[in-house]
Amino acid sequence: MITSSVRLVACPVLSRALSASTMLAGAEGAAKAVQRSNLQSFQQIPHTGSNGWINLLRFFREGTFSQLHKYMEQSFHTLGPIYRQYLGSQCSVNILMPVDIGELFRSEGLHPRRMTLQPWATHRESRKHNKGVFLKNGAEWRADRLLLNREIMLSSAVRRFVPLLDEVARDFSHLLHRKVQTEGREENGCYSLTLDPSPDLFRFALEGSCYVLYGERMGLFSSEPSQESQRFIWAVERMLATTSPLLYLPPRLLLRLHAPLWTQHATAWDHIFSHAEARIQRGYQRLQAGVGNAAGAVQGSVGQFPGVLGQLMERGQLPLELITANITELMAGGVDTTAVPLQFALFELARNPSVQEQMRAQVQTSWSQAAGNPQKALQGAPLLKGAVKETLRLYPVGITVQRYPIRDIVLQNYHIPAGTLVQACLYPLGRSPDVFREPERFDPRRWGPDSEEGTTETGSGAGFRSLAFGFGARQCVGRRIAENEMQLLLLHILKNFRLSVSSKEELKTKYTLILQPETPPSINFTTLSHS
């Protein structure tokens with residue numbers, strides 16, 4: 001037994017505070033001791049059916065995969081805050097409460113592992129491609145990830161690429177303004193047009209990602225966008241749509257059988273790699289020619305930054321084949337996962353006019369004070385960041401975050417053995433009244449430092465309510481790009497347009513590896529009198 005003694009200075013206030021703290025700690029310790037004595041086994045965790053293959057057959061027959069987020073929400077309502085899920089050969093423990101999620105992440109170890117997307121891994125192996133950090137584990141993952149963090153995650157990297165994203169967001173706003181003026185109706189000096197912005201948002205996300213990663217524009221805002229870009233967007237959508245059902249089937253068997261589902265998936269990835277390799281080859285040729293840092297190598301007005309690709313090549317710490325693998329994964333993961341949340345964000349702002357006006361006032365003030373500096377403008381308008389977090393609370397791109405704990409843990413008083421796949425389920429978490437006050441309400445202010453957000457989750461669970469980009473060392477490597485890309489787009493939209501919708505009903509959603517609207521919402525854009 002380890003004991004210790006501390007000599008306290010006589011101070012009545014401090015003594016009373018320490019006494020209360022000691023009593024609280026003692027009570028918590030006693031409660032944990034009682035829990036441990038009544039600890040329940042892994043097999044006692046409630047489940048949705050113990051035969052994984054029957055469950056999988058039912059999922060396919062009833063179309064559950066497309067509504068997996070709703071299925072998880074209903075399972076928590078029925079079974080409580082923890083349950084087991086068997087699908088095919090896979091078994092997972094699904095959790096909801098932030099205090100449990102915090103315990104899971106504290107047991108992830110130095111090399112956190114999440115569920116491997118086996119269809120992606122099988123494609124890389126069958127095509128003899130290297131794997132990027134998304135598909136790696138262990139020390140090899142950590143070494144590559146640290147090198148990528150330097151170019152993408154650090155504040156110095158963000159300062160380099162925010163001006164590029166701002167340039168693309170401005171161009172998007174100007175293009176939309178021309179469209180509204182040309183095709184819309186005029187009233188009192190303002191123009192108004194109702195449209196589905198999703199095709200343009202996909203082009204925006206691809207243009208922004210391409211500019212940051214490759215250091216060159218694709219020219220997607222021209223009157224005739226290239227067929228190459230449209231094929232790339234199609235390939236990403238097809239890849240995502242075919243991934244989910246393949247997760248629970250043996251991909252190597254499907255590969256040998258030339259199954260149509262596998263063929264569609266592999267063909268989509270082949271096109272994604274072909275697109276990336278062509279641009280990477282051009283970047284390599286620029287570097288070899290000695291103009292990787294020349295202003296002329298980057299279209300647009302920003303100048304010196306050669307893109308993440310150029311930075312990685314110049315440093316020479318990653319071989320070209322690993323740079324290709326990681327850049328390709330970043331491009332594939334940076335389009336739909338940015339464009340779709342922007343659809344949801346614009347819809348929520350359109351159907352919440354008071355929130356929209358609060359954000360617009362803050363944006364206009366911040367922009368005027370920032371003197372054209374986009375990073376300062378974002379810092380002065382924290383509701384933009386709050387709006388992105390609030391959108392991802394209600395509509396998380398990925399509906400789970402997974403880890404394999406490296407030691408035995410206890411969740412909801414159940415024993416979870418080391419190595420168990422545990423999933424934090426983000427859609428039910430974000431809509432739980434046990435975690436968020438009025439969870440159905442869209443309120444970016446709930447994420448501010450002065451928020452009076454009421455939650456029963458305090459202490460060890462308080463920091464685990466917003467996990468759309470994951471957590472810790474294994475959080476989304478493209479997080480800083482996506483966050484700034486979305487905030488800058490919202491900034492320029494709010495500066496120039498008032499948004500509205502004809503119906504304020506909830507959007508119906510579907511899951512295809514990412515959560516998205518069943519039907520993209522149509523939004524009315526009205527130019528502001530000053531714009």
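1. Glu 186 has Tyr 191 in strand S4 as its bridge partner. The two strands involved, S3 (residues 185-187) and S4 (residues 190-195), pair in the antiparallel sense over three bridges. Strands here are DSSP runs of E with at least two residues, helices are runs of H or I with at least four, and both are numbered from the N terminus; two strands count as paired if DSSP finds at least two bridges between them. The hairpin of S3 and S4 has two residues between the strands, and Asn 188 takes a positive phi near 55° there.

2. Before going on, a word on what you're looking at: this is a predicted model, where local features need pLDDT of at least 70, side-chain atom pairs count only at pLDDT 80 or more, and totals for chains, interfaces and linings use all residues. Residues are numbered from 1 along each chain as its sequence is written, and side-chain values use heavy atoms, with hydrogens and water left out.

3. Now follow S4 to its other partner. Four bridges join S4 to strand S12 (residues 523-527), again antiparallel, and Ser 192 stands opposite Thr 526 in S12. S12 in turn pairs with S9 in the antiparallel sense over four bridges; here Leu 499 has Phe 525 of S12 as its bridge partner.

4. Put together, that's an open sheet of four strands in the order S3-S4-S12-S9, with antiparallel pairing. S3 and S9 (497-500) stand at the edges with a single partner strand each, so one side of each has no neighbour in the sheet. From one strand to the next the twist averages 25° (axes are lines fitted to C-alpha atoms, for helices over the stretch in contact, and angles run from 0 to 180 degrees between N-to-C directions).

5. Helix H8 (residues 198-214) has 17 residues and reaches 24 Å from its first C-alpha to its last, close to the 24 Å expected at 1.5 Å a residue (the expected span is 1.5 Å times one less than the number of residues). Of the 17 residues, 16 are buried, so H8 is largely enclosed by the rest of the structure. Buried means under 20% relative accessible area, exposed over 50%, and partly exposed in between, with a 1.4 Å probe and protein chains only. Just after H8, Gly 215 takes a positive phi of about 75°.

6. H9 (residues 227-246) checks out on length too: its 20 residues should span 28 Å at 1.5 Å a residue, and the end C-alpha atoms are 28 Å apart, which agrees. Its buried residues include Phe 232, Ile 233, Val 236, Met 239 and Leu 240.

7. On a 1 Å grid over the protein atoms alone, a cavity is a set of points where a 1.4 Å probe fits but cannot get out, while a pocket is an open set with protein on both sides within 12 Å along at least five of seven lines; lining residues have an atom within 4 Å of a point. The structure holds seven cavities of 30 Å³ or more. Among the lining residues are Lys 389, Arg 393, Leu 429 and Arg 465.

8. The second largest pocket has a volume of about 280 Å³. H16 (374-379), H17 and H19 (479-496) each give its lining at least two residues, and the largest share, four residues, comes from H19. Lining residues include Val 158, Gln 375, Lys 385, Arg 480 and Glu 483.

Terms used:
Grid points are joined across faces, edges and corners, and a volume is the space filled by probe spheres set on the points.
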